[in-house]
Amino acid sequence: DHVSKVSPILTKGIMGLDAFTLKNLEVFHSLSNQGTHGTLLDCLDNTLTAGGGRVLRQWIYNPLTDKKKLDKRLDLVSGFSDHKKILISMRKSLKNSIDIERILGKINQGKATPREIVGMQKMLEKIPKWKNELDKSNNTALNKFSSSFVVINDIVEKINNTLNEDVPIQLNEGNIIKTGFNSKLDDLRSILNGGKDWIRKFQD
């Protein structure tokens, strides 16, 4: 149920690296201590998020040989390098952010917690700011990168209007839906929190 899309594995334009090569080049694991210290990954990994770490590992595991794709990736790196303020701003914005890819997988399975949904909302509401910063850079690569982001204000607003900001981790802990969102739920809460008063008013 977790799989939402099946795509073919494309090998064209990618250098194939077998396990023996990866091991001897110490790409992911050190021959001396079996850890990551001193490996190629250790030297390159300056990512702040789980998603960024996964992308970097994928890029290292499948090095590009297609010159157009390489140039496109390098142009984007160069764009951020030339616009340090944007780079620092986006890295600061991404720091301590929720793992969107993992949360989407849990949503597909119906296993996401209320707190994870609110965390996703806070992450998604940053997209307009990112797009604005990238668009103002006047850098072709950054402008193209900006177009890859999709603003989904309707989803952000729906979560914001439905869930309390300080929601619990589990559904059974309650206090998830905002007061005023559903009148029947508000009535049930009133009975739960002030049962004696409700009975007295009902008797009157």
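Is Asn 139 buried or exposed? Asn 139 counts as buried because its relative accessibility is 15%, where buried means under 20% relative accessible area, exposed over 50%, and partly exposed in between (1.4 Å probe, protein chains only).

Some conventions apply throughout. The model is predicted, so local features need pLDDT of at least 70 and side-chain atom pairs count only at pLDDT 80 or more, while totals for chains, interfaces and linings use all residues. Residues are numbered from 1 along each chain as its sequence is written, and side-chain values use heavy atoms, with hydrogens and water left out.

**Stop 1: Asn 139**

Select Asn 139, which is placed in the loop between H8 and helix H9 (140-146). Helices here are DSSP runs (H or I, at least four residues), numbered from the N terminus. A polar atom of the Asn 139 side chain lies 3.1 Å from the backbone nitrogen of Ala 141; a polar contact is a pair of N or O atoms within 3.5 Å, in which, within protein, one must be able to donate a hydrogen and the other to accept it, and residues adjacent in sequence count only if both atoms are side-chain atoms. Not counting residues up to four places away in sequence, Asn 139 touches Gly 79 and His 83, contact being heavy atoms within 4.5 Å.

**Stop 2: the aromatic cluster**

Next, select Phe 80, Trp 130, Phe 145 and Phe 149, which form one aromatic cluster. Rings of Phe, Tyr and Trp (its six-membered ring) pair if their centres lie within 6.5 Å; planes under 30 degrees apart count as stacked, over 60 as edge-to-face and the rest as tilted. The count by this rule is four aromatic pairs. One of them, Phe 80 with Phe 145, is edge-to-face, at 6.0 Å centre to centre and 80 degrees between the planes. This pair links distant parts of the chain, 65 residues apart: Phe 80 belongs to helix H4 (residues 67-82) and Phe 145 to helix H9. Phe 80 is buried, with a relative accessible area of 14%, whereas Phe 145 is partly exposed at 25%.

**Stop 3**

**Stop 4: helix H10**

Now select H10 and colour its buried residues, Val 156, Ile 159 and Thr 162. These residues cover an arc of only 145 degrees around the axis (taken from the directions from the helix axis to the C-beta atoms), and therefore lie on the same side of H10. They pack against H7. On the face turned away from the buried side, find the exposed residues Asp 154 and Lys 158.

Finish on Thr 162, which counts as buried at 13% relative accessibility. A polar atom of its side chain lies 2.6 Å from the backbone oxygen of Lys 158. Beyond residues up to four places away in sequence, Thr 162 touches Ile 176, Ile 177, Lys 178 and Phe 181.

Note on methods: Helix = DSSP H or I, 4+ residues; strand = E, 2+ residues; numbered from the N terminus.
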